[in-house]
Amino acid sequence: MTLKTRFPPSPTGFLHVGGARTALFNWLIARGAGGKFILRIEDTDQARNVPEGTEKIIRDLKWLGLDWDEGPDVGGPHGSYLQSQRLDIYAQHVHKLLEAGWAYHALETPQQLDELRKQAQAQKRTFRYLRPDPLPTAGEAEAARQAGKAVVVRFKCPDESVSVNDEVFGQVEIAADELDDFVIQKADGYPTYHLANVVDDALMGVNFILRGQEFLGQSWRHIVLRRALGYEQPRYAHLPLIMDMQGKKLSKREADIGVYSFRKAGFLPEALVNFIALLGWSPGDNREKFTLAELCELFDVSNIGKSNAKFDRDKLLAFNTAACAAAGPERLLSSFKDYLSLNETPIPADDEGLLCQILAITKGFRTFADIRAKCGVLFESDNTFDYDPKAVKKVLAKNDGAGFAVLAELRRMLARCDWQGEALEACISDYCQTKELPMGKVAQPIRVAVTGRTLSPGIIDTLMILGRDKTLARIDRCLQLPR
RNA sequence: GGCCCCGUCGUCUAGUCAGGUCCAGGACACAGGGUUUUCAACCCUGCAACACGGGUUCAAAUCCCGUCGGGGUCACCA
């Protein structure tokens with residue numbers, strides 16, 4: 001049977017690393033087996049949907065390198081892939097369940113239920129919804145609705161235990177007394193997650209469901225619903241959760257764990273993907289660097305672990321550093337341009353030749369933000385960039401202004417020097433030799449003079465990028481600094 | 001609190017299902033050293049874990065029980 005998986009986010013914000021991993025694993029399962037992968041937007045919570053939510057999710061998934069065979073943007077034979085546009089389908093299913101006696105109208109208000117929950121808590125009891133006896137009739141429900149009261153539809157749970165056959169956690173048994181009649185249709189007529197999710201998966205032919213562990217204990221609802229609806233059971237697998245370094249659940253509200261924020265911070269998507277893939281999964285050996293294509297080959301649900309993982313940014317950084325070092329020039333250029341387009345920087349984003357040059361001379365960078373930090377000042381105005389007082393003091397002013405003296409002499413030599421890499425190199429090292437100074441005593445004063453700091457690419461590369469005029473202008477400005 | 005799940009270096013993990021090859025391997029981080037015109041990168045070395053307590057066994061990280069710890073879930077959110 002062809003495997004069909006899906007990623008069903010709700011458009012309540014943006015894609016974060018947890019969701020990205022779930023999407024990735026589902027994509028990997030489908031692609032690795034020649035199956036299908038679909039994207040479905042679960043926007044049944046009118047209060048929580050955010051504008052652009054769907055667009056942002058699509059944007060972030062694409063950036064990661066994922067694609068889908070069916071989805072809101074690409075269509076497909078089972079559309080719409082926006083749940084808000086499938087309300088009639090859910091209504092039909094609810095109707096069918098009502099007709100068959102699998103569901104009934106319930107008239108309690110949210111306030112009443114809250115009250116009951118509070119009571120239960122006060123008595124240290126677990127609250128469980130008690131099925132009314134007798135059940136409200138269709139007539140009573142209609143009357144209540146006419147009177148403006150909230151009417152929901154609840155599923156009539158069978159009085160027997162349900163077991164989930166999970167491919168990660170194994171057989172998980174939920175006792176009959178843990179089940180209660182859950183809501184399948186809200187008062188606003190929208191389906192709840194459980195109903196819409198189950199109906200869509202069945203109608204869309206999804207036969208492998210991999211999702212976060214937070215759903216494991218609720219899977220019984222889906223199983224029971226499918227039974228009542230006469231749909232086959234899919235395969236289930238639940239993923240352990242991703243926690244922050246304090247061991248707390250990654251908050252969906254924290255923007256800094258959003259896929260987009262890593263993009264904006266100058267990470268490469270392949271590094272994020274590689275890193276995320278190793279959170280809760282391992283190929284079973286010591287290998288840990290993979291391309292998406294290699295992951296497709298290797299990924300297997302049986303190698304998913306059971307314990308939660310912490311999101312270690314240091315390791316991600318290391319992966320990104322390695323990915324940057326491994327990436328080819330065109331790959332780096334396009335990603336770097338993307339980074340620049342997302343951030344305000346003084347680096348001229350439209351000069352590809354220059355960008356390539358910057359990329360080439362800034363070897364060893366960890367993220368594109370490093371390049372900006374290192375090279376940005378080269379493109380600021382010659383007379384407005386800041387001089388770091390500490391750098392000036394340490395490199396130029398110390399020892400009676402030895403650094404300044406070196407700088408003044410070098411300024412004269414540089415003014416006459418042919419502005420080519422080799423010539424500059426020769427010029428500076430000649431100076432070092434005649435003065436019997438180590439390179440550091442010479443390069444550093446120049447560096448501070450032309451960048452204001454002790455941080456820049458190699459000194460020759462720095463001077464080449466600046467050009468003679470800017471270099472001399474900056475040295476002159478530096479020489480004017482109060483001593 | 002009820003129920004469910006999990007527990008190997010600080011972190012991600014290999015090894016656990018089929019007990020011996022594990023005085024536990026790799027990677028990140030960290031520490032020390034090297035290279036070096038800065039930062040970074042790079043190279044070398046080192047530090048560091050089977051949660052605890054009982055069993056079973058000739059033998060346990062691996063099997064069983066208990067304890068402790070962590071997480072999830074108990075919505076008209078998904």
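This is a predicted model: local features need pLDDT of at least 70, side-chain atom pairs count only at pLDDT 80 or more; totals for chains, interfaces and linings use all residues.
1. As background, nonpolar side chains in soluble globular proteins tend to be buried together.

2. Now have a look at Phe25. Which residues does Phe25 contact, leaving aside its neighbours within four places in sequence? They are Leu210, Leu239, Ile276, Ala277, Leu279, Trp281, Phe299 and Ile304. Thr22 is found in helix H1, which covers residues 17-32. Not counting residues up to four places away in sequence, Thr22 touches Phe7, Leu210, Arg211 and Leu239. Is Thr22 buried or exposed? Thr22 counts as buried because its relative accessibility is 12%, and the cut-off for buried is under 20%.

3. Three strands form an open sheet in the order E3-E4-E7, and their pairing is antiparallel. Strand E3 (103-106) and strand E7 (183-185) are the edge strands, each pairing on one side only. From one strand to the next, the twist averages 45°. Strand E4 (residues 152-155) pairs with E7 over two bridges, in the antiparallel sense. If you pick out Val153, its bridge partner in E7 is Gln185.

4. Val172 sits in strand E6 (residues 170-174) and is partly exposed, with a relative accessible area of 22%. Setting aside residues up to four places away in sequence, Val172 touches Val162, Ser163, Val164 and Leu216. Leu216 is 44 residues from Val172 along the chain, and the C-alpha atoms of the two are separated by 8.6 Å.

5. Helix H17 (residues 439-451) deserves a point of its own. This helix has 13 residues and reaches 18 Å from its first C-alpha to its last, close to the 18 Å expected at 1.5 Å a residue. The buried residues of H17 are Val442, Ala443, Pro445, Ile446, Arg447, Val448, Ala449, Val450 and Thr451. What do these buried residues pack against? Their partners are helix H15 (389-416), helix H16 (421-435) and helix H18 (459-479). Just after H17 comes Gly452, which takes a positive phi of about 80°.

6. On to charged side chains: the structure holds 27 salt bridges. One of them joins Arg40 to Glu42, with the closest N and O atoms 2.8 Å apart, and both of these residues are buried. Arg40 and Glu42 also belong to a network of salt bridges that links them with Arg6, Arg86, Asp200 and Asp201.

7. Asp73 and Lys62 meet at 3.7 Å, N to O. Asp73 is in the loop between helix H2 (53-64) and helix H3 (87-99), while Lys62 is in helix H2, 11 residues apart. Asp73 is partly exposed at 36% relative accessible area, and Lys62 is partly exposed at 49%. Arg474 and Asp382 meet at 2.8 Å, N to O. Arg474 lies in helix H18 and Asp382 in the loop between helix H14 (368-375) and H15, so this pair ties together parts that are 92 residues apart in sequence. Arg474 counts as buried at 0% relative accessibility, and Asp382 counts as buried at 16%.

Key:
Residues are numbered from 1 along each chain as its sequence is written. Chains are lettered from A and ligands numbered from 1 in the order in which they are written. Side-chain values use heavy atoms; hydrogens and water are left out. Helices (H or I, at least four residues) and strands (E, at least two) are DSSP runs, numbered from the N terminus. Buried means under 20% relative accessible area, exposed over 50%, partly exposed in between (1.4 Å probe, protein chains only). Contact means heavy atoms within 4.5 Å. Two strands pair if DSSP finds at least two bridges between them. Axes are lines fitted to C-alpha atoms, for helices over the stretch in contact, and angles run from 0 to 180 degrees between N-to-C directions. The expected span of a helix is 1.5 Å times one less than its number of residues. A salt bridge is a side-chain nitrogen of Lys or Arg within 4 Å of a carboxyl oxygen of Asp or Glu.
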